[in-house]
Amino acid sequence: MKNNNELAKEALLKKASLGEDIDINDYNQITEENPYIENLSSLNNQDRNRMREAGIEASEEGRTGTFLQMDHSVVHESSHQEGLEIMSIASALEKYDWLTDYFGKLVPVDTDKYTATTHLNPHQGYFIRALPGVKTTFPIQACLFIGKERLSQNVHNVIIAEEGSELNIITGCATASHVKEGLHIGINEFYVKKGAKISFTMIHAWAENIMVRPRTSTIIEEDGVFLSNYICLKPVKSLQMYPTAKLIGKGAMARYNSIIYAHANSNLDVGSRVILSAPNTKAEIIARTIANGGNIITRGHLVGEMPNTKAHLECRGLIIGNGLVHAIPEIEGKVEGIDLSHEAAVGKIAQEEIEYLMARGLSVSEATSTIVRGFMDVSIMGLPDTLTKEIDKAIKSCGEEMM
Amino acid sequence: MLYIKNLHVEISGKEILKGINLEIKERETCILFGINGGGKTSLLLTIMGFSGYNITKGEIIFKEKVINDLPINERVGMGIGISLQRPPVVRGVKTRQMIEIASKGLASCEELAGQLNLLDFLDRDINLNFSGGEMKRSELLQLIAQSPDLVLLDEPESGVDLENMALVGKICNNLLEKHLHRKRKKSGLIITHTGYILDYLEADKGYVLANGRISCMGNPREILEDIRKRGYEECMVCKR
């Protein structure tokens, strides 16, 4: 049998099944090291603001821990709670021999050229783990930041929630305000053990010429819960991802929420897939997409492999001005006794709703932005209050220039 | 306060209001009776400036200014407020936000919602899965927050259960500042089909609207009596 290195080498030119093909050679794989930052408040204001738009607080206020990677260097890692480990993936691989049972096990390295490149030429990534029974009250923040022009950032991230633990994570990906072009690719492997819970909220704040191809897979054991939220409100040239969650223990649950806004010249192809492969498992996928000049393909795929499984998929799209929203929901039932459903709708802002808000005193443009904000309602995500407020804040900070 | 002169209105090329003349003075509460489909709601929505109601002739004068071409929100700014019969759902926009918008952030949402038994609705999407009566109360709640000088109410009592009917009546009275008696300034135009609202509210004038025209005008209680006795058929060919 071939090992991962051999498989990856063979896949270096393998095109992804979805999304525009990218020539990785157009981007720099080498860059100088950035120095470690002891105190995040020493970050310059521009970078801090960009990070804030991705949900990352340099003050660490209301955070249990922080991981910050700039370009290819891990420049800060801190954990403020006993039993909570936050470190670079390289340090973790050095520290734990057993990590090889997790690292590279969920996302095949030969999936496509992006996973192959990440495997052969990794530029760090994070390792976050909660020991059994440890519950984070405040979120952990992990930030992957690109500060150099035309850089390729290839990260491999692993998150493990041990039995009965609870992790709240905000991952913010952003570029420095002066960066025009770049490539962000990576492998994300998440493990939700028996009775554990991960709330994973990813906020992307890219720039107009950034290409993004993350590859993500999660497994959820018995009675485990995986909540994944994705928010992308800033321009991005091309972003394609299709994270998959596999429910392998009975009573496990997964939920994907996404709020996606496509500006002019932005192309987003985003899906979520849940495979229900244990009895009594449940899943929900909810997508809210807004095309304002850009293109969105919104995919969803539910696979019911065992009886007594229940899942629902909902895509709602809104087109403002011009743009494309292409919803591709798929449901696949493989046995008797499953309950899978989907609904999809693409529309415009109803005149009736605008006039209703005008009849309470708003102007046309105020009414329109109120309706669009409402459409991106984060309360649908069923998150803890603190996290809901954080996301609301991120949406508002992006929203002001978006409308 | 409001003066409507020979108002003709079309919807998609079909004339539905055919020369309406109507006046509401300061402090006056007027009732608009009429069969369903007679043009009552169209008249209210035209006064408010909703799209689709094309004025082909005539004038709407509010506070001595012709408002025919003003956008809805400017009419609101001048002091007109409406409670809709079937308000739309606006997903993700909460009842609380609507109160804040209507009051420009000045009202206490909890206090007002408490008055209308709508505390549990504050953080719900506006009108989503509201019953008919809940919608009516939510509309009145927003109007109270807005506190307009001219209150337009489209069948405030329809769909409201008996338990809440007295409450709705009381709120309508508050909106019209009935408790201030002679000192009050607010005026109202209230659509009713059944007339039940008159059991709770003193009104000054009544109009019957039929086939796009005002067919009768007078004391609202007497008009209601006539309608109850003889039906709308008679009122449409008013003998007054």
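**Entry 1: Lys104(B)**

I started in chain B of this predicted model. Lys104(B) has 11 C-beta neighbours inside 10 Å, so I put it down as exposed; the cut-off for that class is 12 or fewer. I then looked up where Lys104(B) sits and found it in the loop between α3 and α4 (109-115) of chain B. Its phi is positive, about 55 degrees, although Lys104(B) is not a glycine.

**Entry 2: Asn6(B)**

I noted another positive phi in a residue other than glycine: Asn6(B), near 45 degrees. Asn6(B) belongs to strand β1 (residues 2-11) of chain B. I counted Asn6(B) as exposed because it has 11 C-beta neighbours inside 10 Å.

**Entry 3: where the chains touch**

**Entry 4: chain A overall**

I moved to chain A and listed seven helices and 20 strands. Along the principal axes, the C-alpha atoms of chain A fill a box of roughly 65 × 55 × 45 Å. Buried residues account for 54% of the 403 residues in chain A. Of the contacts in chain A with a separation of 6 or more, 83% are between residues 24 or more positions apart.

I also checked the domain assignment of chain A, which gives domain 1 (4-349) and domain 2 (350-403). The centres of domain 1 and domain 2 of chain A, taken over C-alpha atoms, are 25 Å apart.

**Entry 5: the ten-stranded sheet**

I traced an open sheet of ten strands in chain A, with mixed pairing and the order β2-β1-β5-β7-β9-β11-β14-β16-β18-β20. Which strands are at the edges? They are β2 (73-79) and β20 (338-347) of chain A, each of which pairs on one side only. On average, neighbouring strands of this sheet are turned by 5 degrees against each other, direction ignored.

I looked up a helix lying across this part of chain A. Helix α2 (residues 45-53) of chain A lies across β5 (140-146), β7 (166-175) and β9 (197-205) of chain A, and runs at about 130 degrees to β7(A).

I followed the pairing strand by strand. Strand β11 (residues 225-232) and strand β14 (residues 253-262) of chain A pair in the parallel sense over eight bridges. Here Cys232(A) is opposite Ile260(A) of β14(A). Next, β14(A) pairs with β16(A), in the parallel sense over ten bridges, and I find Arg255(A) opposite Glu284(A) of β16(A). From β16(A) I went on to strand β18 (residues 309-319) of chain A; this pair is parallel, over ten bridges. Ala283(A) has Ala311(A) in β18(A) as its bridge partner.

Is strand β16 (residues 282-291) of chain A largely enclosed or open? I find eight of its ten residues buried, so β16(A) is largely enclosed by the rest of the structure.

Conventions
Residues numbered from 1 in each chain as written. Chains lettered and ligands numbered in written order. Predicted model: local features only at pLDDT ≥ 70, side-chain atom pairs only at ≥ 80, totals over all residues. Helix = DSSP H or I, 4+ residues; strand = E, 2+ residues; numbered from the N terminus. Buried ≥ 20, exposed ≤ 12 C-beta atoms within 10 Å, placed from the backbone. Contact = placed C-beta atoms within 7 Å. Pairing = 2+ DSSP bridges. Axes fitted to C-alpha atoms, helices over the stretch in contact; angles between N-to-C directions. Domains from an automatic or database assignment.
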